[in-house]
Amino acid sequence: MFSLSKKKKELNISEILRGKLVCQECGKSFSLEKIPPFTLSKCPYCQDYNFIPKLVRGYCIFKPLGGGGTGCVYKAYDLEKKQYVAIKMLQEIEINKDEAVFSRFLREYAIGRKVSTHPNFCKTYDFFELDSYNYMVLEFIEGNRLDKIISPEGLPEVKLVVLWGLQILSALQHMYTFDYLYRDLKPQNILITDKEKNVKIIDFGLSCKKQETGIKTGIIEGSPEFNITPERSNFDVEDMYSEIYGLGMLMYFCLTGNPFYRTSTVKELVNLHNKPLRVSDLSQKMAQIHPELVVVIDRMIKNNPSERFQTYKGAYQALEAVKL
């Protein structure tokens, strides 16, 4: 389907460096003097709203992209490297409300720097503090989140879903060599690149070392529909088999357009993940999917951790062996 909306003008960095902004609607430039950054301001010529950019330590931050578990994310331009980046920002006022937010932000950066050399992780470039803000500089990815591109009416090819599963397992294995578990597989954290249709995993906010799991904190972290495994909800130790469970739930979503479980409350979802017997058989839920693939996913999401694949390698080999 073709959009009939008018194409916005390209960002003019040189004008911003001169203290002006080219209106995205009419193409005329106007002065940024006395207009606070990170606000919406009307163009004096066409009255269309424009987001007001900000220059910060060699980066031109010019477009909001959304929010993560911690902080807001913007599209920016790296003036030195001449490339687009994403910048996650955390304001000091948020830290004052909850110091744990800053610790999580720093942990996300530290883990990202270690593991993001893998091609299926979003790269983490830099971190700095300035004027009561904390900035994390990340790779900008031309693509869309899984939850934005998948629906029961618009499902990807099964071969593509298998490829994504293999790429995610490869990334998780790379992360495990640093002794980390990702712990937050869900459609919102998986970007699919526009050109190659490859996976890019974002957001390390819940990642931690294996020995840091299983601690009774009274708070169950994660997304109930996808990655709150029975062991996590019971504060038991997590390992590769826990990540494999989350991947199975994610692949089921990709193949059907729906989460495996749907209920009205988080408590009910957690209880469903803990039930040893599922209400309906997996093969019935995925009747149109190749039976060999159903067998693999069924093993991924077994309620008992010991019945799942115990290693990423084992899950990878089983998934790779599926003949479609």
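Residues count as buried under 20% relative accessible area, as exposed over 50%, and as partly exposed in between (1.4 Å probe, protein chains only). By this criterion Cys 254 is buried, at 3% relative accessibility. The model is predicted: local features need pLDDT of at least 70, side-chain atom pairs count only at pLDDT 80 or more, and totals for chains, interfaces and linings use all residues. Residues are numbered from 1 along each chain as its sequence is written, and side-chain values use heavy atoms, with hydrogens and water left out.

A search of the whole structure finds zero disulfides (pairs of cysteine sulfur atoms within 2.5 Å). Cys 72 is in no disulfide; the nearest cysteine sulfur, that of Cys 122, is 16 Å away. Cys 72 is partly exposed, at 39%. The sulfur of Cys 254 lies 19 Å from the closest cysteine sulfur, in Cys 122, too far for a bond.

The whole structure holds 16 aromatic pairs. Rings of Phe, Tyr and Trp (its six-membered ring) pair if their centres lie within 6.5 Å; planes under 30 degrees apart count as stacked, over 60 as edge-to-face and the rest as tilted. Tyr 182 and Phe 204 have ring centres 6.1 Å apart and planes at 85°, so the pair is edge-to-face. Tyr 182 is buried, with a relative accessible area of 1%. Phe 204 is buried too, at 3%. The rings of Tyr 252 and Phe 260 have centres 5.0 Å apart and planes at 70°, so this pair is also edge-to-face. Both Tyr 252 and Phe 260 are buried. Tyr 59, Phe 128, Tyr 133 and Tyr 135 form one aromatic cluster.
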